[in-house]
Every structure is written in structure tokens, then in C-alpha cells.
Amino acid sequence: MAKVIIVYESVFGNTKMVAESIIEGMRQVSGIEATLGKPKEVDLKQLIGYDAILVGSPNHMGGATRGIRKFIDKLAKINLEGKLAAVFDTYAGGEFEKAVKKMEKQIGEKVPALKLAAPGLSIKVEGMRGPIAEGELPKCKEFGVKIANQLKG
Ligand SMILES: Cc1cc2nc3c(=O)[nH]c(=O)nc-3n(C[C@H](O)[C@H](O)[C@H](O)COP(=O)(O)O)c2cc1C
């Protein structure tokens, strides 16, 4: 059984919905156990038990939230050799992939042991509070399926 944890923040619920859709996709693949968590709830030592760590954030001023940036920094304190990672963001302006790219860069610099399983997912929302733009949610499910298959393979 491959174990995945999705750690995310969400102010208005859109990034949470993305995280839940990713999990839905993952659960379509047998042999995957997926869990959701918030940065403040996750005990660092507990992460050792996972095969993959996914990190999701709304785009706040062109990057991930402070809580998520701090969480990624903290990952450097534990040995994550051999584990996979992937990131996702939600954005309301024209900033497609902006927070995703920053999170990937931060992981590359601060936690090089973590290898990216797939390029990050960036999901558009309609305005600050959402909702998630049409056609975007299926991408989340597909992303979940893709990562789950990679973990098995
Ligand atoms: C403080 C704050 C700053 C934001 N800055 C940006 C931004 O720079 N670019 C952008 O595209 N969206 C920005 N947004 C819109 C968020 O990306 C949007 O609210 C978020 O994707 C919704 O996700 P959530 O429901 O999970 O909070 C900002 C939102 C907030 C609350």
C-alpha cells in the first residue's frame, strides 16, 4: 500500500476542494491510501511514514501562503530521501502556475531529497472566493490518478 498525504491551506474552500478531488482520483487507483492535513496539524515525524507528500496553496500575492512556505522549510529537518512530492495552487488573477513554480523552486532548494512526481497543477478560480472555474475540477482528479499510478509503478 502506497501512502500519500496532501497538506494544504485554503481560506475560502477552493484549494480544499482541489485537494479533495485529487484524493478522489487517487482512490480510483487500487493500493493507494491518501490522507488530508493542514500544515499546523501535521507532525513532522509522521511524514516519514508516507511515500509521497503533496502540497497545495492558494496564490496569495504571487506565491504560496506563509503557512505553506513555512511548512516546506520545515521539511528540510527530516530525512525524505526516496519520497516523491507534487504541488498545486489555485489562483484568481492571471497568475497561472505562479505559486506552483515558486513552491517547486523552494522544494528544490530547501528539500532536494524530495523528487517531483509530476509538474505542479494550477487551478483557476473565478474571483477571490471562487468558485473553481469550469472545466478545472476534472484536471484535479486526473492529477490524482497520474500521481497514484506513478507511485505504484
Ligand atoms: C490575501 C490574498 C492575496 C491574493 N493574491 C492573489 C494574487 O496575487 N494572484 C492571484 O491570482 N490571486 C490572488 N488571490 C486570490 C486567491 O488566489 C484565491 O482567493 C484563492 O485561489 C481561493 O482559494 P481558497 O478558496 O482555497 O482560499 C489572493 C487572495 C487573497 C485572500
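## Exercises on loops, fold and a helix pair

Glutamate 97 counts as partly exposed, with 16 C-beta neighbours inside 10 Å. The scale behind this uses C-beta atoms placed from the backbone: 20 or more others within 10 Å means buried, 12 or fewer exposed, and in between partly exposed. This is a predicted model, in which local features need pLDDT of at least 70, side-chain atom pairs count only at pLDDT 80 or more, and totals for chains, interfaces and linings use all residues. Residues are numbered from 1 along each chain as its sequence is written.

**Exercise 1.** Locate glutamate 97 and state its phi.

*Solution.* Start with the place: the loop between strand 4 (84-91) and helix 3 (98-110). Helices (H or I, at least four residues) and strands (E, at least two) are DSSP runs, numbered from the N terminus. Next, the backbone: phi of glutamate 97 is near 65°, a positive value in a residue other than glycine.

**Exercise 2.** Is methionine 61 buried or exposed?

*Solution.* Count the other C-beta atoms within 10 Å of methionine 61: there are 9, so the residue is exposed. Then place methionine 61 in the loop between strand 3 (52-58) and helix 2 (66-75). Its phi is positive too, near 55°.

**Exercise 3.** Find which residues a cis peptide bond joins.

*Solution.* The bond links glycine 130 to proline 131, with omega about 5°. Proline 131 sits in the loop between strand 6 (121-124) and helix 4.

**Exercise 4.** Describe how helix 1 (residues 14-27) packs with helix 4 (residues 137-152).

*Solution.* First, geometry. The axes come within 7 Å and cross at roughly 45°. Axes are lines fitted to C-alpha atoms over the stretch in contact, with angles from 0 to 180 degrees between N-to-C directions. The two helices are therefore oblique to each other. Under 35 degrees is roughly parallel, over 145 roughly antiparallel, 65 to 115 roughly perpendicular, and the rest oblique.
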